[in-house]
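Me: I'd like to learn to read this model feature by feature. Can we begin with the aromatic rings?

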Amino acid sequence: MPDESVDFYPSRSHVLTLALAALALVVLCAIAARIGFDVAQTSGSRAALATVSVSAIGVLVFTGLGLLVVRRLLLPTWPVLTLDGDGLVDWLPNLGVEQVLWSEVTGVRETRLAFRRVLAVDVADPKAVVARQRTVLRRVVAAANARLVGTPVVLKPGSINCTMADLDAAFERFTRPDPAVAQA
């Protein structure tokens with residue numbers, strides 16, 4: 001196994017898409033809040049007040065998420081995927097499965113998920129990988145990947161600044177047997 005690591009950074013186009021989506025959601029929530037406020041002023045409706053409240057919270061949440069995404073766009077200082085001698089670390093925000101050791105990996109294959117080419121990293125115990133995720137969202141995404149593709153570890157080159165060939169080459173480098181060890 002190579003001693004150094006291989007790092008992959010987020011795709012700028014993917015991050016830009018997330019930033020635009022956050023902006024669109026802020027605008028949508030602001031419009032809903034304004035409409036709800038106008039209706040609440042004229043009718044005193046509880047539903048209109050609830051709409052204003054939920055929409056205002058949506059503006060705050062999506063503004064915060066948008067700022068985080070913009071920071072990621074402007075300062076891509078940490079990788080979203082690292083391969084090293086121990087295994088892989090998938091830190092794709094809220095979707096990655098964090099650390100998977102090479103001893104858990106049983107194979108790597110190209111497949112399709114929702115009309116996208118992805119790299120599926122097969123693991124010996126998918127349920128264990130799903131169970132050790134730190135957040136509920138990561139567990140839900142990992143479980144969905146396991147049901148759809150057969151493994152919780154799914155890497156999407158569109159979210160990572162690389163091609164499928166780059167990912168394949170990096171995995172080949174770390175997963176193929178070392179010829180010196182195989183001859184001994």
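Reply: Start with the rule. Rings of Phe, Tyr and Trp pair if their centres lie within 6.5 Å; planes under 30 degrees apart count as stacked, over 60 as edge-to-face. Keep in mind that this is a predicted model. Here Trp-102, Phe-171 and Phe-174 form one aromatic cluster.

Me: How many aromatic pairs does the rule give?

Reply: The count is 2 aromatic pairs. Trp-102 and Phe-171 make an edge-to-face pair, with 5.8 Å centre to centre and 85° between the planes. This pair links distant parts of the chain: Trp-102 sits in the loop between β4 and β5, Phe-171 in helix α5, 69 residues apart.

Me: Why is the pair of Trp-102 and Phe-174 stacked?

Reply: Check the planes against the cut-off. Planes under 30 degrees apart count as stacked. The rings of Trp-102 and Phe-174 have their planes at 15° and their centres 6.0 Å apart, so the pair is stacked. This pair also joins distant parts of the chain, with Trp-102 and Phe-174 72 residues apart.

Me: Are Trp-102 and Phe-171 buried or exposed?

Reply: Trp-102 has 10%, so Trp-102 is buried. Phe-171 has 2%, so Phe-171 is buried. Phe-174 is buried as well.

Me: What should I look for in a nonpolar core?

Reply: In soluble globular proteins, nonpolar side chains tend to be buried together. The largest nonpolar core here has 26 residues. Phe-8, Leu-83, Leu-88 and Phe-171 touch the most other members. At least two residues come from each of β1, β2, β6 (116-123), α3 (126-131), β7 (153-155) and α5. Helix α5 gives the most, with 5 residues.

Me: What does Leu-83 touch beyond its sequence neighbours?

Reply: Leaving out residues up to four places away in sequence, its contacts include Val-6, Phe-8, Leu-88, Trp-102, Phe-171 and Phe-174. There is also a second, separate core of 5 residues, which includes Leu-113, Ala-120, Val-149 and Val-154.

Me: Which strands are at the edges of the 3-strand sheet?

Reply: The order is β5-β6-β7, again open and antiparallel. β5 and β7 are the edge strands. Neighbouring strands are turned by 25° against each other on average, direction ignored. Helix α4 (residues 136-149) packs on this sheet, at about 80° to β5. Helix α5 packs on it too, touching β5, β6 and β7, at about 15° to β6.

Me: How many residues lie between β5 and β6 in their hairpin?

Reply: There are 2 residues between them, and Ala-114 in the turn has a positive phi of about 55°. β5 (residues 105-113) and β6 pair over 8 bridges in the antiparallel sense.

How values were computed. Residues numbered from 1 in each chain as written. Predicted model: local features only at pLDDT ≥ 70, side-chain atom pairs only at ≥ 80, totals over all residues. Heavy atoms only, no water. Core = buried A, V, L, I, M, F, W, Y, C linked by side-chain atoms within 4.5 Å. Buried < 20%, exposed > 50% of the residue type's maximum accessible area, 1.4 Å probe, protein only. Helix = DSSP H or I, 4+ residues; strand = E, 2+ residues; numbered from the N terminus. Contact = heavy atoms within 4.5 Å. Pairing = 2+ DSSP bridges. Axes fitted to C-alpha atoms, helices over the stretch in contact; angles between N-to-C directions.
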